[in-house]
Every structure is written in C-alpha cells, then in structure tokens.
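Colleague: I am new to reading protein models. Could you walk me through this one, feature by feature?

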Amino acid sequence: MTDLKETLSGIAKAIVDSPDDVTVVEAVDGKRVNLTLSVAEDDMGMVIGKHGKIAKAIRTVMRAAANADGKDVNVEIK
C-alpha cells in the first residue's frame, strides 16, 4: 500500500530549495484522498513550473500512485 502523503512530500522535497518548509496535509473521505501541499513562498514557482507543467506532472504521478491502491486523489498546492 502506497503512502500518498509521503510520496507527495518526497517529490516536493526533491524539487524545492527549502525542503524543511514542505508540509503535506491529508484528508481522507472513503476512497477519496485530498492532499494539500504547502511550500516556502520562494519555492512556489519551482513546484508549479512554467505554465503549470510541474504541478500537472506531480498530479499525474500522484493519480497513478493512488490508482494502484484503488483510490482517487486530489492535490492542491498552496
């Protein structure tokens, strides 16, 4: 079973300059998992990427990880 919170945290920490400021809040509602990713203000551009490409890639990877467990995931970046 994949720990979605730890997976998202690991991905974000690998991208940003301040990995200590990365936090992930998880809210589970049945098979639906809502993850809220918070990073330092200076790292926000790194996580979102040009035209949202990095954010889209993160969401795609997280959907694949959740799908392996039969869950649905929503990733919000703040």
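Colleague: How many positive and negative side chains does the chain have?

Modeller: Lys and Arg count as positive, Asp and Glu as negative; His and the chain ends are not counted. Each charge is placed at NZ of Lys, CZ of Arg, CG of Asp or CD of Glu. Here there are 11 positive and 13 negative side chains. The centres of the two sets lie 9 Å apart.

Colleague: What should I know about the model itself?

Modeller: This is a predicted model, where local features need pLDDT of at least 70, side-chain atom pairs count only at pLDDT 80 or more, and totals for chains, interfaces and linings use all residues. Residues are numbered from 1 along each chain as its sequence is written, and side-chain values use heavy atoms, without hydrogens and water.

Colleague: Which pattern does the chain follow along the sequence?

Modeller: Helices (H or I, at least four residues) and strands (E, at least two) are DSSP runs, numbered from the N terminus. This chain has three helices and three strands. Their order is α-β-β-α-α-β.

Colleague: What is the radius of gyration of the chain?

Modeller: That radius is taken over C-alpha atoms, and the globule rule is 2.2 Å times the number of residues to the power 0.38. For 78 residues, a compact globule would come near 12 Å; the chain has 12 Å, so the two agree. The C-alpha atoms fill a box of roughly 35 × 25 × 15 Å along the principal axes.

Colleague: Is S9 buried or exposed?

Modeller: Buried means under 20% relative accessible area, exposed over 50%, and partly exposed in between, with a 1.4 Å probe and protein chains only. S9 lies in helix 1. Its relative accessible area is 11%, so S9 is buried. T23 lies in strand 1 (residues 23-29). T23 has 40%, so it is partly exposed. Across the chain, buried residues make up 31% of the 78 residues.

Colleague: Which residues is M62 in contact with?

Modeller: Contact means heavy atoms within 4.5 Å. Leaving aside neighbours within four places in sequence, M62 touches L4, T7, L8, I11, L35, V73 and V75. On the same terms, T23 is in contact with T36, L37 and S38.

Colleague: How many residues does the largest nonpolar core have?

Modeller: A nonpolar core is a set of buried Ala, Val, Leu, Ile, Met, Phe, Trp, Tyr and Cys residues joined through side-chain atoms within 4.5 Å. The largest one has 19 residues. L4, L8 and M62 are among those with the most contacts inside it. Helix 3 gives the most to this core, with five residues.
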